[in-house]
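Here are some quick notes to read alongside the model. Have the viewer open as you go through the points.

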Number of protein chains: 2
Amino acid sequence: MSKEKLVVAVVGATGAVGREMLKTLEQRDFPAHEVIALASARSAGMKVPYRGGELTVRELTEDSFAGVDLALFSAGGSTSEKYAPHAAKAGCVVVDNSSAWRMDKRCPLVVPEVNAHDLAWHNGIIANPNCSTIQMVVALKPLHDAARIKRVVVSTYQAVSGTGQKAIEELETQVRQLFNMQQPEPKVYPYQIAFNALPQIDVFMDNGYTKEEMKMVHETVKIMGDPSLKVTATAVRIPVFYGHSESVNIETEKKLTPAEARVVLTQAPGVTVLDNPGEKIYPMALDAAGEDATFVGRIREDETIENGLNMWIVADNIRKGAALNAVQIAETLLERDLLGVKDTTLFQ
Amino acid sequence: MSKEKLVVAVVGATGAVGREMLKTLEQRDFPAHEVIALASARSAGMKVPYRGGELTVRELTEDSFAGVDLALFSAGGSTSEKYAPHAAKAGCVVVDNSSAWRMDKRCPLVVPEVNAHDLAWHNGIIANPNCSTIQMVVALKPLHDAARIKRVVVSTYQAVSGTGQKAIEELETQVRQLFNMQQPEPKVYPYQIAFNALPQIDVFMDNGYTKEEMKMVHETVKIMGDPSLKVTATAVRIPVFYGHSESVNIETEKKLTPAEARVVLTQAPGVTVLDNPGEKIYPMALDAAGEDATFVGRIREDETIENGLNMWIVADNIRKGAALNAVQIAETLLERDLLGVKDTTLFQ
């Protein structure tokens, strides 16, 4: 197919990630001939900004994908489950930001810096990983290649924007309420998020872990393509608007000194090393907001094991953690001429 | 000596922890015949509340401890270094909340629930551990006794009150500035703390760790009395006013299921288990503020190793993390008749 006539749909165009997807397509000058904004009937008719003008949001229906080459979905799991198969059936390649298709064996789960090669076997639906997983694998993959990571212990410090626009407003509202001597009322989160730390992200599973924590376990293995890689996670929401931070402890097969790890990471795609404690240089959520890179710092030897490292990984959860990664997948599909759906009946 | 005539000094009485010490002495009805509030010359003459009335703050001098039986210090490391020996020389037992004496072999480092027995060999100066260490060892000691902990990987989520009154004001001021479209100006912390996560607490050491992180490593070993216990830590400041949270991963020699760990912790002194994910019951900084207990929840099996557990430990860093622990040490000294200094020349 001709790239000159490329038609791209953004599904969930009015949400925090949808808007960022449009902004990212624009900023990266993605070669779309036409961009269509889709959302639920409730949002149809709304305007969203794009390339100096506006797009009028259309209602998402089963028939929305006729003539569409590529659809970036960010509209929640149930919407993806229902509509992504209709897109694939219409020959439209889906890059889906929900968790609906991530662990489906028919769908590659892709972070371009890590496993762009998995795009070659896509079947029409490609999954975008969870935000906290993306930034972690961007930083861990080069270290895995250099020294083989055996085990990861990660604790996250996640921003409210990961939950969406309503959670951003909730944090802001609660802070205003508290500063006006009012009792904050939690709506999006089970408890007050302002000036608190919530050790729950998403729902709890039978094993006592949250779904968010198990996403980090399973998605990391799938993206890295190494079933022997073991991850244990604790996912925590903190009162930060943008930027997820992660305290990551790794055990490797081969010895890697902090200096060697810094060299490996400095050369790695998508990574920026910020690691000079003497000058108080380390990654922070506030600095990462609005940036494309995954920032790594506080790299130091874990002296409790033979081959261990601690590090601090920070990225903008809305950009690299969602919108940017989806657009990078789309760019890679274009570059490698991987648009089009071979078997349009697979997801029916 | 007679408990009826007990004279107690609080050194640094105008600070956040000093005030909490006075409040704690009052709340626990500590049997002091007289309480003296001491602080730097700058604060002399100020009034601090105690038992419905006020104490007039006196200037701390080398001669402040004549006739004083017990001094609770919370006035910074250099003040402790200078004045605690004068107290000990005067026969006054010091419980010091700074880091000055913690690793000194002449000084026991005590968390009463864990190693009250170490008070028996005190030489006049007893050290109160670092806040983030105290709550961790309260929770880990019973598990160590039950299954021997070999390795701890901890990531902290620490409140600004741990830095003192000025940091509490800094967070509040920065939030107000941001909500009024002003650029916040960091003074206490190197960077903005509002809506950010700072992976630096205290200064950096040569090995790339912060002093706070190394305190957790060394103090845990000294309090638990087990040099084979290995700890690696990442200490992070988050925009919370009161209550430190900790994501703690342990590897044990003996297998301990989450259910068994819950039973052990439920019976442990100073610990309250809050662990029912189905009902969204887990510890949170906001709930721990103002409480005496160390709260433990999110206890679950770490499936990446044979004998591993993850948990979430929360306590009020000003109470159990500082003032309460110091007063509990004082209470234990009284109960066990351990006041008085045997060798008043030791620290000269």
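**Notes on the annotated site and the A/B contact**

1. Let's start with Cys131(A), which counts as buried because its relative accessibility is 12% (buried means under 20% relative accessible area, exposed over 50%, partly exposed in between, with a 1.4 Å probe and protein chains only). Keep in mind that this is a predicted model, where local features need pLDDT of at least 70, side-chain atom pairs count only at pLDDT 80 or more, and totals for chains, interfaces and linings use all residues. On bookkeeping: residues are numbered from 1 along each chain as its sequence is written, chains are lettered from A and ligands numbered from 1 in the order in which they are written, and side-chain values use heavy atoms, with hydrogens and water left out.

2. Why look at Cys131(A) at all? An unreviewed UniProt entry puts the feature "active site" at Cys131(A) and His244(A); such annotations may be inferred rather than shown by experiment, and the positions follow the numbering used here, with feature names shortened. The two are spread over 114 residues of sequence, yet they cluster in space, with a largest C-alpha distance of 8.2 Å.

3. Cys131(A) sits in helix 4 (residues 131-147) of chain A (helices are DSSP runs of H or I, at least four residues, and strands are runs of E, at least two, numbered from the N terminus). Setting aside residues up to four places away in sequence, Cys131(A) touches Gln158(A), Glu212(A), His244(A), Asn317(A) and Gly321(A) (contact means heavy atoms within 4.5 Å).

4. His244(A) belongs to strand 11 of chain A and counts as buried, because its relative accessibility is 0%. Beyond its neighbours within four places in sequence, His244(A) has contacts that include Cys131(A), Tyr157(A), Arg237(A) and Asn317(A). The side chains of His244(A) and Gln158(A) also make a polar contact of 3.4 Å.

5. Now the interface: 55 residues from chain A and 55 residues from chain B take part in the contact. About 5,000 Å² is buried between the chains, 60% of it from carbon and sulfur atoms (buried area is the accessible area, 1.4 Å probe, that two parts lose on being put together, summed over both).

6. Chains A and B share six salt bridges (a side-chain nitrogen of Lys or Arg within 4 Å of a carboxyl oxygen of Asp or Glu). In one of these, Arg300(B) pairs with Glu213(A), the closest N and O atoms being 3.5 Å apart.

Conventions: A polar contact is a pair of N or O atoms within 3.5 Å; within protein, one must be able to donate a hydrogen and the other to accept it, and residues adjacent in sequence count only if both atoms are side-chain atoms.
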